Structures are given as C-alpha cells and as structure tokens.
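The following explanation leads the reader through selected local features of the structure shown below.

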Amino acid sequence: KKFYAAMAGYAEHAEPSSFDWSMLEVQLLADWEQRRQAVQALGRGKFDADADLDRALKLVTRQLADADQHVRRSALEALVRLALPPPPHEDMSPEDASAAAVARQKAQESEVMQKLLQQVMLRLADDEDWGVRRVALSALSEMAPRGHSRALKAVEVYLRDGDDDVRAAAAAATGKLAPKGDEDSLGKLLGLLQDDDEAVRQAAALAVGRVAPKGHSEVVRCLRDLANEE
C-alpha cells in the first residue's frame, strides 16, 4: 500500500494512459522489436488505478527473462520508470521538490519495491550480456535507497567486471548506494582510480566524492595523485 500511495501523488499530475491490454499481450509474443516496443510503451504509461500499475509491473517484470538482450534492457529501464516517481529537479518549487523526494523514498522502502529489487538482482547475477548488466546496475542504484545492504553487495561484485562500461556503472551505483563514510566501499572505489579505462576512473572519482566524508586524508591524497597523472 505504501508503494501505491507514493505513486498516486505522481499520477495526479500525469495524463492517464489507455492500453489495449489484449493487443499488448499479443505484441509481447511477437518478434523482438515488437516486444521491445511494447515494453517501452508500458514504461511510458501513467496509471491511475493500482490494478493497472500492478498489471504493467507484472508484464514488464516477466520480460526481464526475455530471450533478446535488447528487450531485457528495455524492461529494466521501464521497470525504473514504473516503480519510481520522478526525482526532484531544479525547476520544482521547494515544496514540490520536498514532496517528490518523500514520494520517491516511500516507494524505495515499500514491500513491492523489495520484491522488484530481488528480480533485478537476479537478472544482474544471471545475465551474460554486458548491456543488461550495465542497465541493471543503474536500475538498482535508482530503485534501492542509500544504505540498502543487499543491493550494495550485489553491485560491488561488478566493480571487477571484465567490461569497462559495467565497471563504470558499478562505480556510479556504489556511489549512490554506499552509506556516507563507508570505508569498505571507499576502499574499493579508490582502487578503481587506477583503472585502465578513463570512464571507469571518472565514475569512481565521482562516486568517491559521494561517499567520502569531508577532508578524508586518503581520499584527498588519491584524488590529488589522479589529477597529477591526468
């Protein structure tokens, strides 16, 4: 109920979507491009009724196991859009920004979200496609609140992934999920400042800035060394 209540505030300001559910089900059985388009349409949907949102979430979650990697990537992206109210942004009034932040936090902490996070973590662990892993890491960093220990543990495994883009995504996700001042996460991120790939180093540096407490001596030294090397 907490999840649907959080989403309700978002739906009040959005245009409702009208779906031909039967046609959508048929499209999800067609070729990979049709399936991807169907998933993307669901992700763009605005649902007033809890039952419709629940139905959309179930359909999108089912496609996390699609045979095509492009469909799986789109399903992860759609899941984030459906499961979370949009974050605060600079054009919002202070009151609206505060309300948006509260709604997002409530959705992140809901029981429904915990079940969705489990599905994303399973996809992250099982998928061989680097692009799916990258999107799954990003999804976890959005859907889980900071300090979510299971999500953080799942993400940090991929700081050592063989793909540069996946390591960069894992670094960015760690920066969003690790508690402020978490020394274990900081140590892992500092190690990535020596990564061979520039994008990974940049993602790690930004993540370190999110996690490190102000004036952390080792962080200051490592970032200074990195700036001198660049």
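The model is a predicted one, in which local features need pLDDT of at least 70 and side-chain atom pairs count only at pLDDT 80 or more, while totals for chains, interfaces and linings use all residues. Residues are numbered from 1 along each chain as its sequence is written, and side-chain values use heavy atoms, with hydrogens and water left out.

The loop between α8 (130-143) and α9 (149-156) contains His 148; helices are DSSP runs of H or I with at least four residues, numbered from the N terminus. Not counting residues up to four places away in sequence, His 148 touches Gln 114, Leu 117 and Leu 177, where contact means heavy atoms within 4.5 Å. A polar atom of the His 148 side chain also lies 3.2 Å from the backbone nitrogen of Ala 151.

Helix α12 (residues 198-211) comprises 14 residues and reaches 20 Å from its first C-alpha to its last, close to the 20 Å expected at 1.5 Å a residue; the expected span is 1.5 Å times one less than the number of residues. Its buried residues are Val 200, Arg 201, Ala 203, Ala 204, Ala 207, Val 208 and Val 211. Viewed down the axis of α12, these buried residues fall within an arc of 165°, so they line one face of the helix; the arc is that of the directions from the helix axis to the C-beta atoms. At the start of α12, a side-chain oxygen of Asp 197 comes to within 3.0 Å of the backbone nitrogen of Ala 199.

Key: Helices (H or I, at least four residues) and strands (E, at least two) are DSSP runs, numbered from the N terminus. A polar contact is a pair of N or O atoms within 3.5 Å; within protein, one must be able to donate a hydrogen and the other to accept it, and residues adjacent in sequence count only if both atoms are side-chain atoms. Buried means under 20% relative accessible area, exposed over 50%, partly exposed in between (1.4 Å probe, protein chains only).
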